[in-house]
Amino acid sequence: MVFVLILFSGILGIVVLDNAFTGGFKRRSGLDKISEVAIKSREYKTELDIPIEKKIFSFDGTLLSGFLYKAKKYSKVTVILIHGYKLTHREMLGFADFYVNTCGFNVLTPDLRGHGESGGEYISFGVKDREDIISWVEYIKQMMGENTKIILHGISMGAATALMTGAYNDENVMGIIADCPYASGKEMMKRKIKSRYKIGVNFLYWLLNVYVKVRCHFSMEDSEVLEYVEYIKCPVLYIHGSEDDEITPSNSYRLFEKTNSEKELYIVMGARHGESVFVEMDKYKRN
């Protein structure tokens, strides 16, 4: 009986630790909460044709899902739209509509691993996603030809992913648009820990990172976007809302300073996290 109680307690402890340390990394069948940005994105009326659904295997065998919208006339340019944390490709369809119907570009809207229709049990905060996007870049080159031009446009975690992907400097990637990216996944995680537990932040972060390495097979230490941007060679446009209190504008300022390629910083006054396109839609699109 004592042995059974000990075994039960051990299993319960593992479950509790798993939820405490990797709950934010686990895939969800749907959105945890429908944010105002998600609602606005899904309510946006598009004039897109039915996309071609594409499936590819990434570097580690994870099955990825994406949706390809072809331009009405031939175009050498394809935009890869990269969604944010615990969202899906659906939140990027307003951007897809603009790029296809106004700019005349092809658009690919992938679901990141751990999201939507793509495989993967855990969300990797850009660490594995950057290699997944490179897999999509290779796919586009096969589909559209070696002379194709590619733009990476990401929001929040998707923006961080786009920047980390840019450090590979694939010659077909002609530009990056990073809307409200974080500069350091490590710092972001520590802020979340501090807001919840107040004390022991460094120890709890260390413990979390050890657990994530074992359970999720990556390290938050590899999500330091600041360490990637200095190697980017293509032009980068940073966009950030002045009232973003989730990922503060200081993140884009720091990334902008560290970027050595051609760059521009566009601060949208009054916009909160992910809201820049809704606050200044016309100007946002012109940029």
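Let me begin with a convention: angles under 35 degrees count as roughly parallel, over 145 as roughly antiparallel, 65 to 115 as roughly perpendicular, and the rest as oblique. What you see is a predicted model, in which local features need pLDDT of at least 70 and side-chain atom pairs count only at pLDDT 80 or more, while totals for chains, interfaces and linings use all residues. Residues are numbered from 1 along each chain as its sequence is written, and side-chain values use heavy atoms, with hydrogens and water left out.

Helices (H or I, at least four residues) and strands (E, at least two) are DSSP runs, numbered from the N terminus. The axes of helix H4, residues 129-144, and helix H5, residues 157-166, come within 8 Å and cross at roughly 70°, an axis being a line fitted to C-alpha atoms, for helices over the stretch in contact, with angles running from 0 to 180 degrees between N-to-C directions. H4 and H5 are therefore roughly perpendicular to each other. Their contact (heavy atoms within 4.5 Å) is made by Asp129, Arg130, Ile133 and Ile134 of H4 together with Met157, Thr161, Met164 and Thr165 of H5.

Turning to the sheet, eight strands form an open one in the order S1-S2-S4-S3-S5-S6-S7-S8, with mixed pairing, where two strands pair if DSSP finds at least two bridges between them. Strands S1 (52-57) and S8 (263-268) stand at the edges, each with a single partner strand, so one side of each is left without a neighbour in the sheet. Strand S3, residues 77-82, pairs with strand S5, residues 149-155, in the parallel sense over six bridges, and Ile82 stands opposite Gly154 in S5.
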